[in-house]
Amino acid sequence: MVFDRVPMPVAVCDARGIVQLANPAMAAECGATPGQLRGRQVLELFRPQEATQVERIVEALRLRHRSRYHVSVRWQAPDGGERYGELMADPVSDTVEDTPALLVMLRVLGEHEPRAERPVRVTSMEGRVLALLAEGATTARTARELGLTADGVTYHLRRLSARWRAANRTELIARAYALGVLAPGVWPPALAAAEPADTE
């Protein structure tokens with residue numbers, strides 16, 4: 001009864017981080033009931049931001065150290081936003097020899113509003129430059145086919161590289177596919193179905 005009334009999100013986990021018991025405040029952070037959290041891995045519910053923090057805890061537990069351990073985490077809130085905070089884990093057991101359980105408390109530090117996914121858009125000319133480069137065209141050939149100068153092609157490449165933080169042409173083309181600008185599985189390379197930003 002007292003456990004259920006604690007306003008701070010709290011769970012009891014085994015040494016592997018599997019939830020054995022959770023209070024309503026902890027369940028509410030996951031949009032679930034306490035019973036629905038039982039058997040779940042706590043680090044799947046709350047994503048660690050630094051793997052090294054988790055590795056240190058695993059090693060400390062293996063050596064049977066008894067300290068409070070902190071893990072920076074993020075998780076999806078029930079309303080669709082993303083929250084961030086800190087899990088604090090205290091090993092607890094009746095004797096030093098027993099394998100400890102973990103008393104896990106969650107401290108909510110803040111929230112990010114959900115961001116709508118905006119499609120990546122390029123101009124018509126940028127799209128044609130990207131498609132030709134993906135096909136393997138040189139700067140000179142791209143310039144000839146598009147009626148540009150070599151400097152004009154370089155100008156578009158520099159703009160795209162700066163916008164997508166691409167270090168070279170190979171990375172630029174890879175990002176064009178990853179961002180959905182170039183259609184996957186199509187040869188010769190072509191723009192995806194999305195409308196260009198303008199008809200430059």
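What percentage of the 200 residues of the chain count as buried?

## The chain as a whole

Of the 200 residues, 38% count as buried, where buried means under 20% relative accessible area with a 1.4 Å probe and protein chains only. This is a predicted model, in which local features need pLDDT of at least 70, side-chain atom pairs count only at pLDDT 80 or more, and totals for chains, interfaces and linings use all residues. Residues are numbered from 1 along each chain as its sequence is written, and side-chain values use heavy atoms, with hydrogens and water left out.

The chain has nine helices and six strands, which are DSSP runs (helices H or I of at least four residues, strands E of at least two) numbered from the N terminus.

## Helix 6 and helix 7

Helix 6 (residues 124-135) packs against helix 7 (residues 139-146) at an angle of about 135°, and their axes, 10 Å apart, are lines fitted to C-alpha atoms over the stretch in contact, with angles running from 0 to 180 degrees between N-to-C directions. That makes helix 6 oblique to helix 7, because angles under 35 degrees count as roughly parallel, over 145 as roughly antiparallel, 65 to 115 as roughly perpendicular and the rest as oblique.

In this pair, residues of helix 6 including M125, V129 and L132 meet residues of helix 7, among them R141 and L146, a contact being heavy atoms within 4.5 Å.

## Helix 6 and helix 9

Helix 6 also packs with helix 9 (residues 169-178), at an angle of about 115° and with axes 10 Å apart, and that makes helix 6 roughly perpendicular to helix 9. L130, L133 and A134 of helix 6 make the contact with R169, L172, I173, A176 and Y177 of helix 9.

Technical notes. Buried < 20%, exposed > 50% of the residue type's maximum accessible area, 1.4 Å probe, protein only.
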